[in-house]
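Me: I have a structure open and would like a short walk through it. Can we start with a charged residue and go from there?

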Amino acid sequence: MPMRDLTELTDVEEPAWPLLSEAISTSRVSLEVLPVEPAQARASLLQLQVTARSWLGAFVLNCGGVSLDSGWLRIYGSPGGGSPKGPPGIADVNEFPDRFDPVWRPDGGLVVGHDVLGGTYALNGPEPGAVGRPGGPGEVLYFAPDALRWEALGVGHAAWLSWLLEGGAEEFYDNLRWPGWRAETGPLPGSQGITFDPVLWSADARRDLPAARRRALHMTELLDLHRDVGLELDKIDPGFLGNFHPGET
């Protein structure tokens, strides 16, 4: 497919941002919208090769990201550094090239969000089966921290984001939240998550999650732990779960 220049990606009929912006502003879920860095946003859109007619393109171009539900979920955009606690950008998490590379593609799946448990949301590439991922092209997957495997959610990016803004996380995480969780997740910076002892994928944690000991952990360590244990238990490498710079706090 021929590469499209930035103007072709941004100057489109019926851009998605007005509808997406309304969905964000009318959401009843607690959230923080991060300011966007325009130059980074344009560079990210160019590398993704998606237009502003899509919710993904509109979000990356116009939003620095969203910290959703008292910091429980981090959805990645193109942040301008306005919030020191905010999550990193979609370019950093997915290790975009420093400069536009027409050959580079996130073929293993584009990471579009994380939750505080280290669960990973990714958008399938064109051939998910070739990289051991379930679901179809363009479908959102979830790497579940209590099962340590990918699950296909059966929706694309726009439907997934709309579902979250409408409060879908409440039921989705019903058995993974504990009394007082907001007080623990709210103060965490976007580069940290929460780890459990006993671990989330154990029978002991499933029996009594509120009794488990919890502590903050850098997302790099948390994602590495999930990938390593998932590989050890299932003998299947879950692949790329996102990048966080170890120096971030």
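**Salt bridges and a sheet**

Reply: Asp234 is partly exposed, with a relative accessible area of 31%; that class lies between buried, under 20%, and exposed, over 50% (1.4 Å probe, protein chains only). The model is predicted, so local features need pLDDT of at least 70 and side-chain atom pairs 80 or more, while totals for chains, interfaces and linings use all residues. Residues are numbered from 1 along each chain as its sequence is written, and side-chain values use heavy atoms, without hydrogens and water.

Me: Which residue forms a salt bridge with Asp234?

Reply: Arg149 does, with the closest N and O atoms 3.6 Å apart. A salt bridge here is a side-chain nitrogen of Lys or Arg within 4 Å of a carboxyl oxygen of Asp or Glu.

Me: How many salt bridges are there?

Reply: The count is eight. One of them joins Asp69 and Arg182 at 3.2 Å, N to O. Asp69 sits in the loop between β2 and β3 and Arg182 in helix α8, so the pair ties together parts 113 residues apart in sequence. Helices (H or I, at least four residues) and strands (E, at least two) are DSSP runs, numbered from the N terminus.

Me: Is Asp69 buried or exposed?

Reply: Asp69 is buried, at 7% relative accessibility, whereas Arg182 is partly exposed at 42%.

Me: New topic. What order do the strands of the open sheet take?

Reply: The seven strands run β1-β2-β3-β4-β5-β6-β7, with antiparallel pairing; two strands pair if DSSP finds at least two bridges between them.

Me: Which strands stand at the edges?

Reply: β1 and β7 do, each with a single partner strand, so one side of each has no neighbour in the sheet.
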